[in-house]
Amino acid sequence: MTNLQERGYLLTEQVNSNSLNLDQISSLELVDLFNSEDQKAVAAVAAAKTQLAHAIDYTAERLRQGGRLFYIGAGTSGRLGVLDAAECPPTFCTPPELVQGIIAGGAGALVRSSEDLEDRAQDGEAAIAQRQITQLDVVVGITAGGTTPFVHGALNAARQRGAITIFMACVPAEQVSFDADVDIRLLTGPEILAGSTRLKAGTATKLALNILSTGVMVKLGKVYGNRMVDVAVTNQKLRDRALRILQDLTDLSREDASLLLERSGNWVKLALLMHWTGLEKQAGDRLLSEHQGNLKAAIASYNIAKT
């Protein structure tokens, strides 16, 4: 069993030999050192590419069946999960319940440190029960050092309920093992500031979550080419983005693109379908629903039906 009291053996807790004189170097040298070490975060994500691909496929499959994606963590790991979940509705127009972030200590821990609460495995178990996790759901446990009881408790409870479990840590499996459906190890090495996993470990985690959530949304048809066609048009910036997408893909003028967007109910994907098929809003909406929101599949189906 892992000794949770003595953690000095963990990769994330070790001393970085490249920064032993951190308190003596110039500001420019400090920036150079950070930049050099941060390259390791990108390399760590690349080394975990196969596991990340499995995580994308598992998650997309479950969400197609009506499941949900949960991130769970404490401290920086928890905050990164909440951040990624919070970005999904504006980026992909997903309902808030589809991707959720759970952090030890609740919403208050987002702005005020509550790291002592990460030691309560029972709180992780309770969080899973409260959200009524089922076999359709996916739960990603994020813990840089790999030992967080809150995360372990949550993942164990989720597994008992039949959910897909994904373990994301920045220490090798031989230091902390965990039985999950997907085991993602982001090995960034010792931090410049020893033990401060909000640095390289946090950066690698953010990169990995970017890949996971975006990859899943691509698989779910939330993207056309590389365009954000399910963007939520909720402010001027996003309206401008929506109009530029329509103009780029249809060669419409700004004014005509604006009229089309309004006719679609401010849904870029539906606006494109209406423009390319000539369907009105209700019929286009129905066609998209028949193809789980996949624009290319809906257009292909329409073209086949015409021939």
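Helix 7 passes helix 9 in a right-handed crossing (the near helix is turned clockwise from the far one by less than a right angle). The model is predicted: local features need pLDDT of at least 70, side-chain atom pairs count only at pLDDT 80 or more, and totals for chains, interfaces and linings use all residues. Residues are numbered from 1 along each chain as its sequence is written, and side-chain values use heavy atoms, without hydrogens and water.

Helices (H or I, at least four residues) and strands (E, at least two) are DSSP runs, numbered from the N terminus. Axes are lines fitted to C-alpha atoms, for helices over the stretch in contact, and angles run from 0 to 180 degrees between N-to-C directions. Contact (heavy atoms within 4.5 Å) involves Ala 242, Ile 245, Leu 246, Leu 249 and Thr 250 of helix 7. Helix 9 contributes Val 268, Ala 271, Leu 272, His 275 and Trp 276.

Five strands form an open sheet with parallel pairing, in the order 2-1-3-4-5. Two strands pair if DSSP finds at least two bridges between them. Strand 2 (99-103) and strand 5 (182-185) are at the edges; each has a single partner strand, so one side of each lacks a neighbour in the sheet. The twist averages 15° from one strand to the next. Strand 1 (residues 69-73) pairs with strand 3 (residues 138-142) in the parallel sense, over five bridges. Tyr 71 has Val 140 of strand 3 as its bridge partner.
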